[in-house]
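Visitor: I am new to this structure. Please take me through one part of it closely, then show me what lies around that part.

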Amino acid sequence: MSRRRFAAVAAGSLPLLASGDALGTEARWRAEGAGGSGGRAVPETRGMWVASVANRDWPSRPGLPAAEQRAELAAVLDLAVRRRLNTVVLQVRPTADALWPSRYEPWSEYLTGVQGRDPGWDPLGFAVREAHRRGLALHAWFNPYRIANHADPGRLAERHPARRNPGWVVRYGGKLYYNPGLPEVRRFVQDAMLDAVRRYPVDAVHWDDYFYPYPVAGERFDDDAAYAAHGGGFPDRAAWRRDNTDRLVRETAARIRRLRPGTRFGISPFGVWRNRSSDPAGSDTNAGVQTYDDLYADTRAWVRRRWIDHVVPQVYWHLGFDAADYATLVRWWAGTVRGTGVGLHIGEALYKAGDPAQPAAWQDPAELSRHLAFARDVPEVRGHVFFSAREVGADRIGAMNRVVDDHYPAAEPLWR
(Lines give C-alpha, C1' and ligand atoms only; values in the text may rest on other atoms or scores of the structure.)
Protein backbone atom coordinates (compact mmCIF):
# COMPACT_ATOMS: atom_id res chain seq x y z
CA MET A 1 0.00 0.00 0.00
CA SER A 2 1.36 3.40 -0.89
CA ARG A 3 1.39 6.14 1.72
CA ARG A 4 -1.05 8.04 -0.48
CA ARG A 5 -3.73 5.42 0.23
CA PHE A 6 -3.55 5.68 4.02
CA ALA A 7 -6.43 8.12 4.38
CA ALA A 8 -8.69 5.83 2.41
CA VAL A 9 -7.96 2.75 4.48
CA ALA A 10 -8.21 4.68 7.72
CA ALA A 11 -11.83 5.41 7.13
CA GLY A 12 -12.77 2.29 7.05
CA SER A 13 6.10 -13.82 25.87
CA LEU A 14 9.57 -12.92 24.73
CA PRO A 15 12.62 -11.89 26.77
CA LEU A 16 13.33 -8.21 27.32
CA LEU A 17 16.22 -6.73 25.37
CA ALA A 18 17.82 -3.62 26.82
CA SER A 19 17.80 -0.63 24.52
CA GLY A 20 21.52 -0.10 24.96
CA ASP A 21 23.34 3.03 26.09
CA ALA A 22 24.88 3.93 22.73
CA LEU A 23 22.48 6.12 20.81
CA GLY A 24 24.21 7.03 17.58
CA THR A 25 24.30 10.74 16.80
CA GLU A 26 22.55 11.55 20.06
CA ALA A 27 25.37 9.88 21.96
CA ARG A 28 27.91 11.94 20.02
CA TRP A 29 26.00 15.10 20.88
CA ARG A 30 25.93 14.16 24.56
CA ALA A 31 29.63 13.34 24.53
CA GLU A 32 30.49 16.71 23.03
CA GLY A 33 27.93 18.91 24.75
CA ALA A 34 26.65 17.30 27.91
CA GLY A 35 29.86 16.47 29.70
CA GLY A 36 27.97 14.83 32.55
CA SER A 37 26.28 17.96 33.93
CA GLY A 38 24.77 21.16 32.69
CA GLY A 39 25.26 20.11 29.07
CA ARG A 40 23.17 20.75 26.01
CA ALA A 41 19.96 18.84 25.44
CA VAL A 42 19.79 16.39 22.58
CA PRO A 43 18.26 18.20 19.58
CA GLU A 44 14.87 17.12 18.37
CA THR A 45 14.74 15.04 15.21
CA ARG A 46 13.80 17.05 12.13
CA GLY A 47 13.78 14.55 9.32
CA MET A 48 12.63 13.81 5.82
CA TRP A 49 12.26 10.57 3.94
CA VAL A 50 14.00 10.19 0.58
CA ALA A 51 12.33 7.40 -1.40
CA SER A 52 14.22 5.74 -4.22
CA VAL A 53 11.50 3.20 -5.11
CA ALA A 54 10.04 4.00 -8.53
CA ASN A 55 12.38 7.03 -8.52
CA ARG A 56 9.93 8.90 -6.33
CA ASP A 57 12.36 11.36 -4.73
CA TRP A 58 15.81 10.40 -5.96
CA PRO A 59 17.29 9.80 -8.47
CA SER A 60 14.88 11.70 -10.69
CA ARG A 61 14.98 8.91 -13.27
CA PRO A 62 16.95 5.71 -13.85
CA GLY A 63 19.96 5.78 -16.12
CA LEU A 64 21.37 9.19 -15.27
CA PRO A 65 25.17 9.43 -15.48
CA ALA A 66 26.90 8.91 -12.15
CA ALA A 67 27.90 12.59 -11.92
CA GLU A 68 24.26 13.69 -12.29
CA GLN A 69 23.07 11.17 -9.71
CA ARG A 70 25.67 12.47 -7.26
CA ALA A 71 24.71 16.06 -7.94
CA GLU A 72 21.03 15.30 -7.40
CA LEU A 73 21.74 13.52 -4.12
CA ALA A 74 23.92 16.38 -2.93
CA ALA A 75 21.06 18.75 -3.78
CA VAL A 76 18.69 16.65 -1.64
CA LEU A 77 21.08 16.95 1.30
CA ASP A 78 21.41 20.69 0.72
CA LEU A 79 17.63 20.96 0.69
CA ALA A 80 17.50 19.38 4.14
CA VAL A 81 20.00 21.94 5.41
CA ARG A 82 18.07 24.86 3.89
CA ARG A 83 14.89 23.66 5.57
CA ARG A 84 16.77 23.45 8.90
CA LEU A 85 16.30 19.70 9.10
CA ASN A 86 18.92 17.47 10.69
CA THR A 87 18.07 13.92 9.55
CA VAL A 88 17.74 12.29 6.14
CA VAL A 89 16.12 8.85 5.88
CA LEU A 90 17.42 7.45 2.58
CA GLN A 91 15.84 4.36 1.04
CA VAL A 92 18.78 2.10 0.15
CA ARG A 93 17.05 -1.29 -0.27
CA PRO A 94 13.69 -0.57 -1.90
CA THR A 95 12.98 -3.95 -3.56
CA ALA A 96 15.42 -6.67 -2.46
CA ASP A 97 18.21 -4.76 -4.19
CA ALA A 98 20.91 -2.34 -3.10
CA LEU A 99 22.18 1.21 -3.44
CA TRP A 100 25.64 0.07 -2.39
CA PRO A 101 27.94 -2.70 -3.69
CA SER A 102 26.17 -5.47 -1.78
CA ARG A 103 27.57 -8.95 -1.26
CA TYR A 104 24.05 -10.32 -1.26
CA GLU A 105 21.78 -8.53 -3.71
CA PRO A 106 21.94 -6.81 -7.09
CA TRP A 107 22.31 -3.11 -7.75
CA SER A 108 18.94 -1.38 -7.83
CA GLU A 109 17.27 -0.83 -11.17
CA TYR A 110 16.26 2.64 -9.96
CA LEU A 111 19.87 3.71 -10.48
CA THR A 112 20.62 2.44 -13.97
CA GLY A 113 17.32 1.11 -15.31
CA VAL A 114 18.72 -2.43 -15.29
CA GLN A 115 18.77 -4.43 -12.08
CA GLY A 116 22.29 -5.62 -11.33
CA ARG A 117 24.09 -3.04 -13.48
CA ASP A 118 26.88 -1.23 -11.64
CA PRO A 119 26.13 2.53 -11.58
CA GLY A 120 29.82 3.36 -11.35
CA TRP A 121 29.73 4.87 -7.88
CA ASP A 122 28.63 4.11 -4.31
CA PRO A 123 25.46 6.08 -3.44
CA LEU A 124 25.23 4.99 0.20
CA GLY A 125 28.89 5.69 0.90
CA PHE A 126 28.54 9.13 -0.69
CA ALA A 127 25.32 9.83 1.23
CA VAL A 128 26.81 9.01 4.64
CA ARG A 129 29.94 11.05 4.03
CA GLU A 130 28.18 14.08 2.57
CA ALA A 131 25.34 14.05 5.11
CA HIS A 132 27.78 14.09 8.00
CA ARG A 133 29.80 16.86 6.36
CA ARG A 134 26.62 18.96 6.40
CA GLY A 135 25.74 18.18 10.03
CA LEU A 136 22.99 15.73 9.04
CA ALA A 137 22.31 12.28 10.45
CA LEU A 138 21.88 9.61 7.77
CA HIS A 139 19.38 6.83 8.44
CA ALA A 140 19.55 3.88 6.03
CA TRP A 141 16.01 2.83 5.09
CA PHE A 142 15.46 -0.83 4.20
CA ASN A 143 12.37 -2.77 3.15
CA PRO A 144 12.76 -6.31 4.51
CA TYR A 145 10.45 -8.50 2.41
CA ARG A 146 9.37 -6.74 -0.79
CA ILE A 147 11.08 -8.27 -3.83
CA ALA A 148 9.42 -6.48 -6.73
CA ASN A 149 6.47 -4.29 -7.62
CA HIS A 150 5.55 -6.81 -10.30
CA ALA A 151 4.85 -10.55 -10.22
CA ASP A 152 7.33 -11.90 -12.81
CA PRO A 153 10.49 -13.50 -11.36
CA GLY A 154 11.89 -13.62 -14.90
CA ARG A 155 12.29 -9.84 -14.82
CA LEU A 156 14.68 -10.04 -11.88
CA ALA A 157 18.45 -10.05 -12.40
CA GLU A 158 19.68 -13.46 -13.47
CA ARG A 159 21.50 -14.18 -10.21
CA HIS A 160 18.91 -12.56 -7.96
CA PRO A 161 18.46 -14.60 -4.76
CA ALA A 162 14.72 -14.82 -5.42
CA ARG A 163 15.37 -16.55 -8.74
CA ARG A 164 17.92 -18.89 -7.19
CA ASN A 165 15.54 -19.72 -4.32
CA PRO A 166 12.04 -19.77 -5.82
CA GLY A 167 10.66 -21.50 -2.74
CA TRP A 168 11.28 -18.29 -0.79
CA VAL A 169 8.88 -16.28 -2.95
CA VAL A 170 5.16 -15.54 -2.62
CA ARG A 171 3.15 -13.82 -5.36
CA TYR A 172 0.51 -11.54 -3.87
CA GLY A 173 -1.41 -8.53 -5.11
CA GLY A 174 0.55 -8.37 -8.35
CA LYS A 175 3.88 -8.23 -6.51
CA LEU A 176 6.61 -10.55 -5.26
CA TYR A 177 7.51 -10.97 -1.59
CA TYR A 178 9.90 -13.05 0.43
CA ASN A 179 8.02 -15.40 2.75
CA PRO A 180 8.45 -14.17 6.36
CA GLY A 181 7.54 -17.65 7.66
CA LEU A 182 10.80 -19.24 6.51
CA PRO A 183 13.72 -19.06 8.97
CA GLU A 184 16.19 -19.05 6.07
CA VAL A 185 14.46 -16.00 4.59
CA ARG A 186 14.61 -14.11 7.87
CA ARG A 187 18.31 -14.86 8.16
CA PHE A 188 19.00 -13.86 4.57
CA VAL A 189 17.20 -10.51 4.69
CA GLN A 190 19.01 -9.67 7.92
CA ASP A 191 22.36 -10.53 6.34
CA ALA A 192 21.52 -8.43 3.27
CA MET A 193 20.53 -5.36 5.29
CA LEU A 194 23.32 -5.63 7.84
CA ASP A 195 25.91 -5.78 5.07
CA ALA A 196 25.35 -2.02 4.79
CA VAL A 197 25.67 -1.51 8.55
CA ARG A 198 28.94 -3.41 8.53
CA ARG A 199 30.33 -1.25 5.72
CA TYR A 200 29.11 2.23 6.61
CA PRO A 201 28.74 4.35 9.78
CA VAL A 202 25.02 4.91 9.27
CA ASP A 203 23.34 6.61 12.19
CA ALA A 204 20.30 4.34 12.16
CA VAL A 205 18.70 1.38 10.48
CA HIS A 206 15.17 2.37 9.45
CA TRP A 207 12.24 0.18 8.41
CA ASP A 208 8.89 1.40 7.17
CA ASP A 209 5.46 -0.23 7.58
CA TYR A 210 5.77 -3.17 5.18
CA PHE A 211 6.01 -6.52 6.96
CA TYR A 212 3.37 -8.96 5.81
CA PRO A 213 1.77 -7.05 2.92
CA TYR A 214 -1.29 -4.89 3.27
CA PRO A 215 -4.47 -6.92 2.62
CA VAL A 216 -5.68 -7.17 -0.98
CA ALA A 217 -9.36 -7.91 -1.37
CA GLY A 218 -10.07 -11.36 -2.77
CA GLU A 219 -6.48 -12.61 -2.46
CA ARG A 220 -4.73 -14.86 0.04
CA PHE A 221 -1.08 -14.76 1.01
CA ASP A 222 -0.03 -18.35 0.35
CA ASP A 223 2.22 -19.45 3.19
CA ASP A 224 0.53 -22.83 3.70
CA ALA A 225 3.70 -24.89 3.35
CA ALA A 226 5.69 -22.68 5.72
CA TYR A 227 2.87 -22.76 8.27
CA ALA A 228 2.69 -26.55 8.06
CA ALA A 229 6.44 -26.81 8.60
CA HIS A 230 6.93 -24.15 11.28
CA GLY A 231 3.54 -23.25 12.75
CA GLY A 232 3.26 -25.97 15.35
CA GLY A 233 2.60 -24.75 18.85
CA PHE A 234 0.73 -21.59 17.81
CA PRO A 235 -3.00 -21.22 18.37
CA ASP A 236 -3.60 -19.96 14.83
CA ARG A 237 -1.86 -18.67 11.72
CA ALA A 238 -2.14 -15.04 12.81
CA ALA A 239 -0.21 -15.70 16.04
CA TRP A 240 2.45 -17.58 14.06
CA ARG A 241 2.79 -14.71 11.57
CA ARG A 242 3.16 -12.17 14.36
CA ASP A 243 5.86 -14.32 15.92
CA ASN A 244 7.69 -14.40 12.59
CA THR A 245 7.69 -10.61 12.48
CA ASP A 246 8.69 -10.38 16.14
CA ARG A 247 11.65 -12.65 15.48
CA LEU A 248 12.83 -10.47 12.60
CA VAL A 249 12.71 -7.35 14.75
CA ARG A 250 14.26 -8.91 17.85
CA GLU A 251 17.05 -10.67 15.98
CA THR A 252 17.90 -7.64 13.86
CA ALA A 253 18.05 -5.41 16.94
CA ALA A 254 20.49 -7.73 18.67
CA ARG A 255 22.68 -8.05 15.58
CA ILE A 256 22.86 -4.27 15.02
CA ARG A 257 24.01 -3.74 18.59
CA ARG A 258 26.70 -6.39 18.26
CA LEU A 259 27.83 -5.27 14.83
CA ARG A 260 27.99 -1.50 15.26
CA PRO A 261 27.21 -0.24 18.77
CA GLY A 262 25.83 3.28 18.55
CA THR A 263 23.77 2.68 15.43
CA ARG A 264 20.12 3.08 16.29
CA PHE A 265 17.25 0.91 15.12
CA GLY A 266 13.97 2.63 14.27
CA ILE A 267 10.71 1.53 12.70
CA SER A 268 8.01 3.67 11.09
CA PRO A 269 4.75 1.74 11.40
CA PHE A 270 1.29 2.56 10.11
CA GLY A 271 -0.17 4.90 12.71
CA VAL A 272 -2.77 2.56 14.25
CA TRP A 273 -1.67 -0.47 16.24
CA ARG A 274 -5.24 -1.56 17.10
CA ASN A 275 -8.52 0.26 17.47
CA ARG A 276 -9.95 0.33 20.98
CA SER A 277 -12.95 -1.63 19.69
CA SER A 278 -10.52 -4.50 19.02
CA ASP A 279 -8.40 -4.14 22.15
CA PRO A 280 -8.83 -2.03 25.31
CA ALA A 281 -5.18 -1.04 24.99
CA GLY A 282 -5.75 0.33 21.48
CA SER A 283 -6.32 3.89 20.33
CA ASP A 284 -9.74 5.57 20.20
CA THR A 285 -9.82 5.29 16.42
CA ASN A 286 -11.79 3.52 13.73
CA ALA A 287 -9.07 2.75 11.21
CA GLY A 288 -9.68 0.25 8.44
CA VAL A 289 -6.20 -1.23 8.88
CA GLN A 290 -4.63 -2.31 12.18
CA THR A 291 -0.99 -3.32 12.14
CA TYR A 292 -1.46 -6.05 14.74
CA ASP A 293 -4.29 -7.76 12.87
CA ASP A 294 -3.61 -6.98 9.21
CA LEU A 295 0.18 -6.69 8.89
CA TYR A 296 0.94 -9.13 11.73
CA ALA A 297 3.18 -6.50 13.30
CA ASP A 298 2.87 -6.00 17.06
CA THR A 299 4.36 -2.52 16.99
CA ARG A 300 3.30 -1.71 20.55
CA ALA A 301 5.15 -4.75 21.90
CA TRP A 302 8.37 -3.77 20.11
CA VAL A 303 8.32 -0.47 21.96
CA ARG A 304 7.30 -1.89 25.33
CA ARG A 305 9.99 -4.59 25.11
CA ARG A 306 12.56 -1.99 23.99
CA TRP A 307 13.66 -3.90 20.93
CA ILE A 308 13.89 -0.64 19.01
CA ASP A 309 15.55 2.67 19.85
CA HIS A 310 12.91 4.94 18.32
CA VAL A 311 9.54 4.69 16.64
CA VAL A 312 8.21 6.95 13.89
CA PRO A 313 4.47 6.24 13.60
CA GLN A 314 2.92 7.45 10.38
CA VAL A 315 0.24 9.71 11.83
CA TYR A 316 -0.90 10.77 8.39
CA TRP A 317 -4.25 12.29 9.32
CA HIS A 318 -5.36 15.78 10.20
CA LEU A 319 -6.40 17.19 13.53
CA GLY A 320 -10.02 16.29 14.13
CA PHE A 321 -10.24 13.48 11.54
CA ASP A 322 -13.08 11.26 12.77
CA ALA A 323 -11.59 7.85 11.99
CA ALA A 324 -8.05 8.57 13.15
CA ASP A 325 -7.53 11.94 14.81
CA TYR A 326 -3.95 13.23 14.80
CA ALA A 327 -4.14 14.40 18.42
CA THR A 328 -5.65 11.13 19.63
CA LEU A 329 -2.91 9.08 18.01
CA VAL A 330 -0.04 11.29 19.15
CA ARG A 331 -1.27 10.97 22.72
CA TRP A 332 -1.65 7.20 22.32
CA TRP A 333 1.90 6.79 21.03
CA ALA A 334 3.19 9.06 23.80
CA GLY A 335 1.57 6.76 26.35
CA THR A 336 3.07 3.75 24.59
CA VAL A 337 6.67 4.99 24.75
CA ARG A 338 6.36 6.50 28.24
CA GLY A 339 8.87 4.94 30.61
CA THR A 340 10.56 2.80 27.94
CA GLY A 341 13.40 5.07 26.83
CA VAL A 342 12.28 4.57 23.23
CA GLY A 343 12.28 7.83 21.27
CA LEU A 344 9.06 9.06 19.64
CA HIS A 345 9.24 10.94 16.35
CA ILE A 346 5.98 11.59 14.50
CA GLY A 347 5.72 10.82 10.79
CA GLU A 348 4.01 13.73 9.01
CA ALA A 349 2.02 13.62 5.76
CA LEU A 350 3.49 16.63 4.01
CA TYR A 351 2.52 15.01 0.71
CA LYS A 352 -1.16 15.64 1.52
CA ALA A 353 -0.75 19.39 1.92
CA GLY A 354 -2.43 21.05 -1.03
CA ASP A 355 -3.45 17.79 -2.69
CA PRO A 356 -6.91 18.52 -4.12
CA ALA A 357 -7.97 14.92 -3.44
CA GLN A 358 -7.52 15.45 0.31
CA PRO A 359 -10.04 16.91 2.79
CA ALA A 360 -10.33 20.64 3.38
CA ALA A 361 -7.94 20.57 6.37
CA TRP A 362 -5.08 19.70 4.04
CA GLN A 363 -5.73 22.75 1.86
CA ASP A 364 -4.75 24.98 4.78
CA PRO A 365 -0.99 25.75 4.80
CA ALA A 366 -1.11 25.95 8.61
CA GLU A 367 -2.34 22.37 9.22
CA LEU A 368 1.12 20.83 9.60
CA SER A 369 2.34 23.71 11.72
CA ARG A 370 -0.59 23.08 14.05
CA HIS A 371 0.56 19.45 14.30
CA LEU A 372 3.96 20.53 15.59
CA ALA A 373 2.40 23.08 17.93
CA PHE A 374 0.20 20.37 19.42
CA ALA A 375 3.06 17.87 19.73
CA ARG A 376 5.29 20.43 21.42
CA ASP A 377 3.07 20.12 24.49
CA VAL A 378 3.47 16.33 24.52
CA PRO A 379 6.82 15.77 26.27
CA GLU A 380 7.42 12.29 24.82
CA VAL A 381 7.51 13.64 21.25
CA ARG A 382 11.11 14.31 20.27
CA GLY A 383 10.72 15.29 16.67
CA HIS A 384 9.00 14.86 13.32
CA VAL A 385 9.83 13.25 9.97
CA PHE A 386 8.21 14.53 6.76
CA PHE A 387 7.14 12.45 3.78
CA SER A 388 8.88 13.20 1.62
CA ALA A 389 11.82 15.01 -0.04
CA ARG A 390 9.90 15.85 -3.21
CA GLU A 391 7.30 17.75 -1.21
CA VAL A 392 9.88 19.32 1.10
CA GLY A 393 11.34 20.88 -2.04
CA ALA A 394 8.17 21.69 -4.01
CA ASP A 395 6.12 22.81 -0.98
CA ARG A 396 2.93 23.07 -3.02
CA ILE A 397 1.02 25.47 -0.74
CA GLY A 398 3.78 26.66 1.58
CA ALA A 399 3.05 24.18 4.40
CA MET A 400 6.73 23.36 4.88
CA ASN A 401 7.68 27.03 4.85
CA ARG A 402 5.12 27.57 7.60
CA VAL A 403 6.61 24.72 9.67
CA VAL A 404 10.12 26.14 9.30
CA ASP A 405 9.05 29.70 10.10
CA ASP A 406 6.97 28.69 13.11
CA HIS A 407 9.07 25.90 14.62
CA TYR A 408 12.59 25.79 13.18
CA PRO A 409 13.98 29.31 13.72
CA ALA A 410 17.56 28.03 13.75
CA ALA A 411 19.47 24.97 12.61
CA GLU A 412 19.87 22.06 15.06
CA PRO A 413 22.62 19.89 13.56
CA LEU A 414 23.16 16.37 14.83
CA TRP A 415 26.72 16.11 13.50
CA ARG A 416 29.53 18.53 14.23
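**A salt bridge and its surroundings**

Guide: Arg 93 and Glu 105 form a salt bridge, and their closest N and O atoms are 2.6 Å apart. Are the two partners buried or exposed? Both Arg 93 and Glu 105 are buried. Keep in mind that this is a predicted model.

Now step out to the strand itself. Strand 2 (87–93) has helix 5 lying across it. Helix 5 also lies across strand 3 (137–142), running at about 150 degrees to strand 3. Helix 7 (residues 183–199) covers some of this ground too: it lies across strand 2, strand 3 and strand 7 (204–207). Its direction is about 135 degrees to strand 2.

What do these strands build? They belong to a closed barrel of eight strands, with parallel pairing. The order runs 1-2-3-7-8-9-10-11. One join is between strand 9 (residues 310–311) and strand 10 (residues 343–348). These two run parallel, and two bridges connect them. Val 311 has Leu 344 as its bridge partner in strand 10.

Stay with strand 7 for a moment. Trp 207 has its place there. Trp 207 counts as buried because its relative accessibility is 0%; the cut-off for buried is under 20%. Its contacts, leaving out residues up to four places away in sequence, include Phe 142, Pro 144, Met 193, Leu 248 and Phe 265. Trp 207 and Ala 140 are 67 residues apart in sequence, yet 8.5 Å apart in space, C-alpha to C-alpha.

Go back to helix 5 (residues 123–133). Its axis and that of helix 3 (residues 66–82) come within 10 Å and cross at roughly 35 degrees. The crossing of helix 3 and helix 5 is right-handed. On the helix 3 side, the residues are Arg 70, Leu 73, Ala 74 and Leu 77. They meet Pro 123, Phe 126, Ala 127, Glu 130 and Ala 131 in helix 5. By class, this contact has seven nonpolar, no polar and two charged residues.

Another helix pair is helix 13 (residues 367–376) with helix 15 (residues 399–407). Their axes come within 8 Å and cross at roughly 35 degrees. Helix 13 brings Leu 368, Ser 369, Leu 372, Ala 373 and Arg 376 to the contact. Helix 15 brings Ala 399, Arg 402, Val 403, Asp 406 and His 407. Here the classes are five nonpolar, two polar and three charged.

Finally, return to salt bridges. How many does a search of the whole structure find? It finds 26. One of them joins Arg 247 to Asp 243, with the closest N and O atoms 2.6 Å apart. These two are four residues apart in helix 9 (residues 237–259), so about one helical turn separates them. Arg 247 counts as partly exposed because its relative accessibility is 31%. Asp 243 counts as buried, at 12%. Elsewhere, salt bridges that share partners join Arg 220, Asp 222, Asp 223, Asp 224, Arg 237 and Arg 241 into one network. Within that group, Arg 220 forms a salt bridge with Asp 224, the closest N and O atoms being 2.9 Å apart. Asp 224 has 32% relative accessibility, so it counts as partly exposed.

Conventions:
Residues are numbered from 1 along each chain as its sequence is written. This is a predicted model: local features need pLDDT of at least 70, side-chain atom pairs count only at pLDDT 80 or more; totals for chains, interfaces and linings use all residues. Side-chain values use heavy atoms; hydrogens and water are left out. Axes are lines fitted to C-alpha atoms, for helices over the stretch in contact, and angles run from 0 to 180 degrees between N-to-C directions. A crossing is left-handed if the near helix is turned anticlockwise from the far one by less than a right angle, and right-handed if clockwise. Contact means heavy atoms within 4.5 Å. Ala, Val, Leu, Ile, Met, Phe, Trp, Tyr, Cys and Pro count as nonpolar, Asp, Glu, Lys and Arg as charged, and the others, Gly among them, as polar. Two strands pair if DSSP finds at least two bridges between them. A salt bridge is a side-chain nitrogen of Lys or Arg within 4 Å of a carboxyl oxygen of Asp or Glu. Buried means under 20% relative accessible area, exposed over 50%, partly exposed in between (1.4 Å probe, protein chains only).
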